[in-house]
Amino acid sequence: MTDPSARPWRDLTDPRRAGTTGDLEAGLKEPEFENLAIPEELGTVRVVIDDHKIKRYAFAHDDHAPWHLTGSPFGGRRIGHAALLGNDLVQLFTLVYAASQVVGYHTEEQMWFDSPAVLDEVVTLSGTYTEAYRRRGQGYVVMEAGATGEDGRSIVRHRGVEILKTVPGDIGGRGSATPERRVTGEVPENARVVGTLGPDVRPGDVLAPLGKSVTAEQAAVFSRVGEYVRNIHNDIGAARAGGLPVPIVQGQQQFGVLAQLLTLRSGPSFLTSGWMRVKFLAPLEVFEPFTSSGVVTDVTPVDGGLRVDLEIWARRDSDARLMTAGWAAVTVPAS
């Protein structure tokens with residue numbers, strides 16, 4: 001889930017330029033379904049992968065792996081986390097649409113991981129609204145976006161689906177209207193639990209789980225509280241105005257936890273050959289414990305190794321309900 005009250009980085013990254021909401025959103029379109037123009041270019045921005053950005057993400061996800069803080073297998077350089085730029089890509093729409101007074105609902109996220117972003121690299125983000133449709137009384141919009149490095153290489157590609165304007169408390173937890181290839185989170189009896197997807201990987205293997213809880217402070221940092229943004233993820237007043245009892249964890253932050261799980265289990269390969277597609281099924285409140293895992297569904301020999309396909313999920317510990325579920329793939333070495 002994301003909150004369209006987030007506004008462009010060009011106005012918010014420097015506190016001296018904070019201004020007022022009216023200043024920031026002057027000339028931008030109202031985020032109404034009728035105002036969409038498909039296809040619609042959302043613009044291009046540049047983001048620096050600096051020390052602060054990496055450490056902020058590390059704090060928000062409790063992911064302090066040495067690749068990001070000291071050195072990595074990629075030439076010994078510090079690199080950004082796999083999903084570091086996910087939220088930046090989601091927020092590209094705020095370059096065109098004024099969204100300070102409404103809340104959107106992120107329903108699906110898909111990313112392809114082509115190469116890691118390197119410390120101090122300036123990356124370019126661009127995106128387009130490619131499709132819009134109505135379903136169950138809600139207006140949906142599809143964004144396709146990507147991040148490229150200074151040398152022109154692809155870092156990540158993104159495809160997201162969002163309800164443009166809604167009340168999260170009214171729709172959270174309804175589930176998908178089209179349960180294609182439904183992921184249940186069930187695993188085979190006596191399945192082998194694996195900490196690493198290696199050459200001996202086989203269908204039915206279950207990923208060693210990753211337990212988490214996202215604190216209110218972590219959710220606030222991830223959801224741009226440092227950029228003077230109030231939303232349902234970092235402010236209890238905004239959450240209650242949206243029909244929620246307390247702030248909820250952004251869907252993109254849950255996606256980042258699943259990306260962390262896949263990085264831990266498949267190593268550097270995930271940052272160069274990984275793919276994830278997930279649907280956000282139910283809200284997660286701040287401080288709620290949850291566990292992410294997955295099961296291998298297929299292993300296929302390919303050039304350069306073994307393609308491993310998986311079902312993945314994140315489940316609330318309190319009631320075992322799936323909050324996020326989907327699919328992933330990565331090519332791992334065959335020897």
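The following legends describe close-up views of a predicted model.

**View 1. Strand 1 pairs with strand 3 in the antiparallel sense.** Strand 1 comprises residues 40-48, and strand 3 comprises residues 122-135. Eight bridges join these two strands. Within the pairing, Gly-43 is found opposite Gly-127 of strand 3.

**View 2. Strand 3 and strand 4 form a hairpin.** Strand 4 covers residues 138-148 and pairs with strand 3 in the antiparallel sense over 11 bridges. Ala-132 faces Val-141 of strand 4 across the pairing, the two residues standing opposite each other. Two residues lie between the strands of this hairpin. Arg-136 adopts a positive phi near 50 degrees in the hairpin.

**View 3. Glu-108 and Arg-277 form a salt bridge.** The closest N and O atoms of Glu-108 and Arg-277 are 2.8 Å apart. Glu-108 belongs to strand 2 (residues 103-113) and Arg-277 to strand 9 (residues 274-280), so the pair ties together parts that are 169 residues apart in sequence. Glu-108 and Arg-277 are both buried.

**View 4. A salt bridge joins the side chains of Asp-114 and Arg-157.** The N to O distance in this pair is 2.8 Å. Asp-114 lies in the loop between strand 2 and strand 3, whereas Arg-157 lies in strand 5 (residues 154-166). The pair thus links distant parts of the chain, 43 residues apart. Asp-114 has a relative accessibility of 23% and therefore counts as partly exposed. Arg-157 has a relative accessible area of 37% and is likewise partly exposed.

**View 5. Asp-319 and Arg-316 are joined by a salt bridge.** The closest N and O atoms of Asp-319 and Arg-316 lie 2.9 Å apart. Because its relative accessible area is 44%, Asp-319 is classed as partly exposed. Arg-316, by contrast, is buried, with a relative accessible area of 11%; the cut-off for a buried residue is under 20%.

**View 6. Four charged residues are linked in a network of salt bridges.** The members of this network are Arg-192, Asp-200, Arg-202 and Asp-205. Side chains of opposite charge can pair when their charged atoms come close. For the model, the count of salt bridges comes to 18.

Key. Residues numbered from 1 in each chain as written. Predicted model: local features only at pLDDT ≥ 70, side-chain atom pairs only at ≥ 80, totals over all residues. Heavy atoms only, no water. Pairing = 2+ DSSP bridges. Helix = DSSP H or I, 4+ residues; strand = E, 2+ residues; numbered from the N terminus. Buried < 20%, exposed > 50% of the residue type's maximum accessible area, 1.4 Å probe, protein only.
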